[in-house]
Amino acid sequence: MLDTLSPAVDRVPHHRMPVAPFPEARVPGVIELRQYTLHPGRRDELITLFEREFIETQEAAGMMLLGQFRDLDEPDRFVWLRGFADMATRRDALARFYQGPAWRAHRDAANATMIDSDNVLLLRPVVAATALDVSAPSPASGAAAPEQARIVICLHYFDAPVSAEWLAHFEQIQRPWLEGMHARVLATLVTESAANDYPALPVREGEHVFACVLQFADEATHERCDRQLQAAWRIGAQPHRTELLRLVPTARSRIGRDAAAHTED
């Protein structure tokens with residue numbers, strides 16, 4: 001999110017950009033997975049600023065704020081997800097926000113916390129039924145963080161677009177195994193191959209990714225699954241690389257709020 005805008009984009013007057021309501025469609029067709037490397041010790045500073053200034057303002061511009069997270073394995077990494085109805089909506093919403101007053105007022109403070117903000121994957125749901133549910137509102141300012149909830153995003157990198165065989169393998173083998181380990185499968189996503197038409201915010205290109213977003217009700221459930229998770233993903237069709245993001249939701253993250261309701265003992 002938080003890059004300095006290029007001069008060419010920055011010249012468009014904000015008063016020409018109409019403010020869009022939060023989209024009525026609650027199923028994002030395009031999702032950005034954003035991983036920021038921060039200066040040591042400044043993650044909580046960015047999260048505080050983000051959750052105070054950048055949730056309602058991004059949603060007013062036409063985006064869907066899906067989740068914000070602390071990385072359990074990287075103390076200086078902030079991970080978040082935002083969604084859009086489609087690529088055209090994404091382009092217009094980004095222009096509205098990054099040329100708007102909230103970003104102009106706070107971008108220097110946000111950018112000062114960051115070493116790198118270009119680690120971004122552009123994804124889409126495998127099918128609408130596997131998209132992230134954003135029907136619940138963002139938690140209000142001052143909400144308590146769901147400290148026990150754990151989110152794991154499994155990223156599988158392939159040499160070509162993800163095949164129908166891999167997707168069938170996930171549904172037939174991996175999903176039942178995960179559910180048996182009391183993991184709730186929130187979404188399955190693949191790379192969005194459309195060109196990035198908002199170049200002021202770079203994304204990683206030329207990659208082929210299958211992503212599975214998992215939710216665990218508490219640390220114990222997560223730990224029970226964690227030791228076996230990576231090995232289990234090596235059954236069947238083979239990605240050339242697997243990456244696991246082990247995450248804790250922040251106080252105002254949509255994802256992770258209802259974890260306890262899905263616990264089974």
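Start by selecting α4: its buried residues (under 20% relative accessible area, with a 1.4 Å probe and protein chains only; exposed would be over 50%, partly exposed in between) pack against β1, α3 (56-60), β3, α5 and β4. Packing here rests on contact, meaning heavy atoms within 4.5 Å. Helices (H or I, at least four residues) and strands (E, at least two) are DSSP runs, numbered from the N terminus.

A word on what you are viewing: this is a predicted model, in which local features need pLDDT of at least 70 and side-chain atom pairs count only at pLDDT 80 or more, while totals for chains, interfaces and linings use all residues. Residues are numbered from 1 along each chain as its sequence is written, and side-chain values use heavy atoms, with hydrogens and water left out.

**Stop 1: along α4.** Colour Met87, Arg90, Ala93, Leu94, Ala95, Arg96, Phe97 and Tyr98, the buried residues of this helix. With 12 residues, α4 reaches 16 Å from its first C-alpha to its last, close to the 16 Å expected at 1.5 Å a residue (1.5 Å times one less than the number of residues). At its start, look for a side-chain oxygen of Asp86, within 3.3 Å of the backbone nitrogen of Ala88.

**Stop 2: the cores.** Now show Met63, Phe78 and Phe97, which touch the most other members among the 29 residues of the largest nonpolar core. Such a core is a set of buried Ala, Val, Leu, Ile, Met, Phe, Trp, Tyr and Cys residues joined through side-chain atoms within 4.5 Å. At least two residues each come from β1 (30-38), α2 (43-53), β3 (77-84), α4 (87-98), α5 (101-111) and β4 (114-125); α4 gives the most, with six. A second, separate core has 24 residues, including Leu33, Phe69, Ile153 and Ile255.

Stop 3: Select α6, residues 164-180.

**Stop 4: Arg252.** Finish in the segment after β8 (241-249), where Arg252 is found. Is this arginine buried or exposed? Arg252 is buried, with a relative accessible area of 5%. Display its neighbours: Arg252 touches Glu51, Ile55, Glu56, Gln68, Ser138, Pro139, Ala140 and Ser141, not counting residues up to four places away in sequence. A polar atom of the Arg252 side chain lies 2.7 Å from the backbone oxygen of Glu51.

Conventions: A polar contact is a pair of N or O atoms within 3.5 Å; within protein, one must be able to donate a hydrogen and the other to accept it, and residues adjacent in sequence count only if both atoms are side-chain atoms.
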